Amino acid sequence: MDGLKDAALLETRAFIGGEWRETGETLVVEDPGRAEPLAEVASADSEHATEAIDAAEAALPEWQATTADQRCAILHELDRLMGEHQEDLARILTREHGKPLDQSRGEIRYAASFVKWFAEEGRRSYGDTIPSANPDQRLVVFRQGVGITAGITPWNFPCAMITRKLAPALAAGCTFALKPAQSTPLSALALAVLCERAGVPKGVVSVIPGSSARAISEPWLEDGRVRKLSFTGSTEIGKKLAEGSAGTLKRLSLELGGNAPFLVFDDADIDEAVDGLMVAKFRNAGQSCVAANRVLVQRSVHDEFVEKLRARIEADVHPGYGLDEGSTLGPLIDEAAVSKVQRLLGQATDAGAEIVLGGDVHEAGPRFFAPTVVTDVTPKMTISSEEIFGPVVSVMTFDDESEAIRMANDTPFGLASYFYARDLGRVWRVSEGLEYGMVGVNTGLVSNAAAPFGGIKESGQGREGSRYGLEDWTELKYVAMGGVARKS
Ligand code: NAP
């Protein structure tokens, strides 16, 4: 790969128990912007998956015995290294994912912010003392890392989805084995290089790419030594993993799909609502679990909103190759993603929706989809119930607040939601009425390291980031200490 200052960050071997290994098989990583092969990466199988857990088990006692201070010092060093190598990490990310270089730089900063957050939060894993009813006893509660853990991550944020798991795992004193998405393993392996340089001991972290997700996940699901699995990906696979881990009753964190509503009320500042939607929709070409999937606009401000949005998209959204100057919209990850967006739009227009901008593949290349606005969408159309995962704004109308809340909640998903309004009473009512783990009020961006990211309903369980995100990697232990009272 051209243009890297530190070529050693481009690693294509698996990282198992602190050793860089060829596996005998390879998988091909593509550059989606050019729709051509980019690299061949070692592809691991079930045996490698079990070896990673063997190594995690061997490394656990010593790692658990370190102080929070020692572990957090390693995380601070990892954060520093991510900053030092931001440009190379961003380049690798853009090549394998496609997003414009500036967005990749943003993702690396965002990913590092979790490392820094947990480096700080790891020192504050406090416990409790509980007043005892028995004068002979003292009651103490504290937290301990859950032990050996595993993670499975998607391709849409190839670096940040990893650090949200890896950093709290290490801060809590857990060992951690990761299977990254097969389309974006290079960012994960570059992170493993930096973990090694930061001083993470052998076996504490393994990164094993593979062309068969099940070959890697099944041994982990069945292995009672793995005490927690943290998964980010689709609801369909999340449910399978929940079933598969029932036999060993693992702790599960599931960050799954969404169907985010974006509501614009008649008292909203329309220009600000357009600003917010640009972020909530076009970041990552719409390939985000928190992307605004259904835009619900109050009828009286619908035309003004759509017109301003169209003008803004025409001025600011420029599809193009991620490394090219001026590109603001990258490609979709593969041809299947392009076909899915075409199918959803085709079904919507067949049922009466109207395309007011874009609507098909863009001339920038076969995986680039033109920024699109489609209006007259109804809740019955599949575009309203499936994740679009593309740069398509799907607009519906509503008449009053209760209809807006009902429409917004009419989905099995409950990850992110957004609304724009100024009336204070309405802001409270709608915030309380939305059945979502996260609500953005007058903002299109809800995610940051200090906040608990996660969903309800079929969007999953558990939280990432914030102090709750550390708790998810710990077990609560209660100790009753007897023999305190004087015997005489
Ligand atoms: P996906 O198909 O569920 O894949 C996610 C990960 O699971 C990948 O590493 C994949 O491996 C692996 N996987 C696939 N089948 C598996 C199986 N049978 N057993 C174990 N692992 C398996 O999802 P995706 O298409 O990559 O990602 C998009 C989805 O993730 C969307 O639904 C999005 O909303 C969701 N997401 C949620 C969040 C959140 O925080 N809530 C964040 C980002 C994305 P391969 O790559 O080898 O297929």
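Student: How should I read the word "buried" for a residue here, and what separates "buried" from "exposed"?

Tutor: Buried means under 20% relative accessible area, exposed means over 50%, and partly exposed lies in between, using a 1.4 Å probe and protein chains only. E464 is buried, at a relative accessible area of 3%. Before we go on, please note that this is a predicted model, where local features need pLDDT of at least 70, side-chain atom pairs count only at pLDDT 80 or more, and totals for chains, interfaces and linings use all residues. Residues are numbered from 1 along each chain as its sequence is written, and side-chain values use heavy atoms, with hydrogens and water left out.

Student: Where is E464 placed?

Tutor: Helices (H or I, at least four residues) and strands (E, at least two) are DSSP runs, numbered from the N terminus. E464 sits in the loop between strand 21 and helix 15 (466-471).

Student: Which residues does E464 touch?

Tutor: Contact means heavy atoms within 4.5 Å. Leaving aside residues up to four places away in sequence, E464 touches R164, K165, S230, T232, E255, A451, P452, F453 and G469.

Student: With which side chain does the side chain of E464 make a polar contact?

Tutor: A polar contact is a pair of N or O atoms within 3.5 Å; within protein, one must be able to donate a hydrogen and the other to accept it, and residues adjacent in sequence count only if both atoms are side-chain atoms. For E464 the partner is the side chain of R164, at 2.9 Å.

Student: How many salt bridges are there?

Tutor: A salt bridge is a side-chain nitrogen of Lys or Arg within 4 Å of a carboxyl oxygen of Asp or Glu. By this rule the count is 39.

Student: What does the salt bridge of E458 and K239 tie together?

Tutor: Their closest N and O atoms are 2.8 Å apart. E458 lies in the loop between strand 20 (456-457) and strand 21 (460-461), and K239 in helix 8 (residues 235-244), so the pair ties together parts that are 219 residues apart in sequence. E458 is partly exposed at 32%, and K239 is partly exposed at 42%.

Student: Which residues are linked in a network of salt bridges?

Tutor: One such network links D266, D267, E401, R426 and R429.
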